[in-house]
Amino acid sequence: MTTASALSGIAASRGDTTWPAIACDDVTVRFISESRVVTALEKVSFAVAPGGFLSLLGPSGCGKSTLLRVVADLIQPSSGMMRVFGGTPEEARTARALGFVFQDAALLPWRNAIDNVSLPLEVGGGVKLGPNDPKPVDLLRLVGLSGWEKSYPHELSGGMRQRVAIARALLGGPKLLLMDEPFGALDEITRDRLNEELRRIWMETGTTILFVTHSVYEAAYLGEQVLVLSPNPGRVVECVDIDLPRDRDLSVRDTSHFVQLAAHLRGMLGRMHA
Amino acid sequence: MSIAAPLDPSLMAAESAFRAEQRRKALRRRIMPVIGIGSFLLLWAGLVYGLKVPPFVAPSPFAVAATLWAKAPMLFENLVPTMIEAFSGFMLGNLSAILIATAFVYKKSLEEAFFPVIVIINTIPVVAKAPILVLLLGNGMEPKIAIAALICFFPTLVNMVRGLQSVNPQAMELMRVLSASQREIFFKLRLPNSLPYLFSALKIAASTAVIGAIVGEWIGSTVGIGALIIQATYAFDSALLYATVIVGSCFSVAFFLLITLIERLTLRRHGPAAQ
Ligand SMILES: Nc1ncnc2c1ncn2[C@@H]1O[C@H](COP(=O)(O)OP(=O)(O)O)[C@@H](O)[C@H]1O
Ligand SMILES: [Mg+2]
């Protein structure tokens, strides 16, 4: 696929593809405000292989967004080490190896769909697209929005806005896609559809995905692994392997194996509130 | 797609009824203000004639209309300086407000130091600021422009600061993930985000700049709408007074509509929430 060929990134330039996409080692994040100290993450360790798909599951307030922000170089850990493709998060950010999708699509309301997708070309030195790299219009097609290029965000539904945000994050073929509850505000039908399409996009592009959710079903359906976090302070409870077929559609959720996995995950979340 | 489904006649009837209702409403929106203005003028004329109000107290609408017609060149001559003052003051006041708002957003300490000063100056009423500025700047157009500028300044400053700051925090994080420079964040995010806020302040400023210029002309001025208002009052020429006021308001309304038009054109893309 054209997008896969665009994945010229840090690992390739180092002539070494053996680095994990993410290596998180004993990362602790503390927020100090006037009144108190919040330990958002405590000694969190995990790794994601290149091309992997990790779901981050946990109740709200357990530090999922904080963890994503550390990977994206938006905050520094108080202690511990975060490596992205063998380098620092800052190196990954400046090399444009990261795409970020937020819960609120965070589109610029004065730009139409195609101009929103093009934003990464205009700022921060700009992504340089090669002749074979997917153009914004190709990415809008990839996310199923052909014909909506000229529409403004207020003319699009919530699901369509989120698709635009995904297309924008995919521009330049990032090696790592960070998604913070991107479908959390959508209705269940739209969310199911986008879950299926995200799996398809992941398989087509070969990009690594770190996906935050507080839905057990979304976590298990999407991820190759699910990292379960507990709150106060945010700690890793378990990293569950999701041994479902790689080429799966939503009907996999009706299989007994999926039901068992989901029950296992739900059990862990249930014990947190006990 | 090419074969049209046969239309349900009851549906068509409902649709044409709906259309007729829409037309009736549109017509009513046009006619009602005309009826309102007409009855106001009638009431005015009725009161002046019925109560035999002397012409030095209040004129009849017909006397005002006659004055507007007869003295049109003179009224226009006096409108020109007021227009220049209001427009220059508008530009000066709003441009400095925009620049200072930008400085405040990027240097918090500037805002902390100078915002209180600006608030204090803003609490002085225009009628009190006017003589001070006339003493400072003399009898020309300068003090009027300064007053018009001062009166525009504060609402635009406050709105512009809010518009530049109230950026979607996730859009801000996106810019940081994209390694955008401060300059790019300003021109691609903060400035476009502030435009709806800026225009709602500019619409207020369009009317207040005219008020500022007129109040400035009340003090030691021989030309302008403000000066004419004072002269007509002292001469008990109520018809001229009313005609002058009408000319001033027409200018004010036209200025407001001009800004509204520019707003429409500029914010076309911002979506319905922005307007
Ligand atoms: N910038 C911040 N300043 C202070 N506390 C914060 C900040 N960001 C997050 N927190 C706190 O850290 C904890 C984890 O937050 P977050 O990562 O947003 O959780 P989640 O995304 O799992 O809901 C929460 O208790 C939150 O209040
Ligand atoms: Mg969160």
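At roughly what angle do the axes of helix H3 and H10 of chain B cross, and within what distance do they come?

Reply: In this predicted model, the axes of helix H3 (residues 72-106) of chain B and H10(B) cross at roughly 40 degrees and come within 11 Å. Two packed helices are described by that pair of values, the angle between their axes and the distance between the axes. Here the angle makes H3(B) and H10(B) oblique to each other, and the crossing is right-handed.

On the H3(B) side, the residues that meet H10(B) are Met74(B), Leu75(B), Leu79(B), Thr82(B), Met83(B), Ala86(B), Phe87(B) and Phe90(B). H10(B) answers with Leu240(B), Ala243(B), Thr244(B), Val247(B), Phe251(B), Phe255(B) and Ile259(B). Sort the residues of this contact by type and you get 13 nonpolar, two polar and no charged.

The crossing of H8(B) with H10(B) is right-handed, as is that of H3(B) with H10(B). From H8(B), the contact takes in Leu195(B), Phe199(B), Ser200(B), Leu202(B), Lys203(B), Ala206(B), Ser207(B) and Val210(B). From H10(B), it uses Gly248(B), Phe251(B), Ser252(B), Phe255(B), Phe256(B), Ile259(B), Thr260(B), Ile262(B), Glu263(B) and Thr266(B). The tally for H8(B) with H10(B) is 10 nonpolar, six polar and two charged. Look at Phe251(B), Phe255(B) and Ile259(B) in particular: they turn up in the contact with H8(B) and also in the one with H3(B).

Now over to chain A, where the strands are worth a tour. Six of them form an open sheet with mixed pairing, in the order S5-S6-S7-S3-S8-S9. Strand S5 (98-101) and S9 of chain A sit at the edges with a single partner strand each, so one side of each has no neighbour in the sheet. On average, neighbouring strands of this sheet are turned by 15 degrees against each other, direction ignored. One pair to pick out is S3 (residues 53-57) and S7 (residues 208-213) of chain A, which run parallel and are joined by five bridges. For a landmark there, find Leu56(A), which stands opposite Val212(A) in S7(A).

This sheet has helices across it. Helix H7 (residues 158-170) of chain A lies across S5(A) and strand S6(A) (176-180), at about 170 degrees to S5(A). Helix H8 (residues 188-205) of chain A lies across S3, S6 and S7 of that chain, and its angle to S7(A) is about 160 degrees.

Most residues other than glycine have a negative phi, and most peptide bonds are trans. In the loop between strand S8 (225-230) and strand S9 (235-241) of chain A you'll find Pro233(A), joined to Asn232(A) by a cis peptide bond with omega of about -10 degrees. Asn232(A), which lies in that loop too, has a positive phi near 50 degrees. It counts as exposed, at 71% relative accessibility.

Asp26(A) is another non-glycine residue with a positive phi, about 55 degrees. Its setting is a strand, S1 (residues 22-32) of chain A, and Asp26(A) is partly exposed, with a relative accessible area of 35%. S1(A) runs antiparallel to strand S2 (residues 37-48) of chain A, with eight bridges between them. A hairpin of four residues links S1(A) to S2(A), and Val29(A) faces Leu41(A) across that pairing. S1(A) is also antiparallel to strand S4 (residues 79-84) of chain A, through five bridges, where Ala23(A) has Arg83(A) as its bridge partner.

One last stop: Gly267(A) in helix H10 (residues 256-273) of chain A. With a relative accessible area of 25%, Gly267(A) is partly exposed. Its C-alpha atom is separated by 30 Å from that of Gln162(A), 105 residues apart along the chain.

Conventions: Residues numbered from 1 in each chain as written. Chains lettered and ligands numbered in written order. Predicted model: local features only at pLDDT ≥ 70, side-chain atom pairs only at ≥ 80, totals over all residues. Heavy atoms only, no water. Left-handed = near helix turned anticlockwise from the far one by under 90°. Helix = DSSP H or I, 4+ residues; strand = E, 2+ residues; numbered from the N terminus. Contact = heavy atoms within 4.5 Å. Nonpolar A, V, L, I, M, F, W, Y, C, P; charged D, E, K, R; others polar. Buried < 20%, exposed > 50% of the residue type's maximum accessible area, 1.4 Å probe, protein only. Pairing = 2+ DSSP bridges. Axes fitted to C-alpha atoms, helices over the stretch in contact; angles between N-to-C directions. Parallel < 35°, antiparallel > 145°, perpendicular 65-115°, else oblique.
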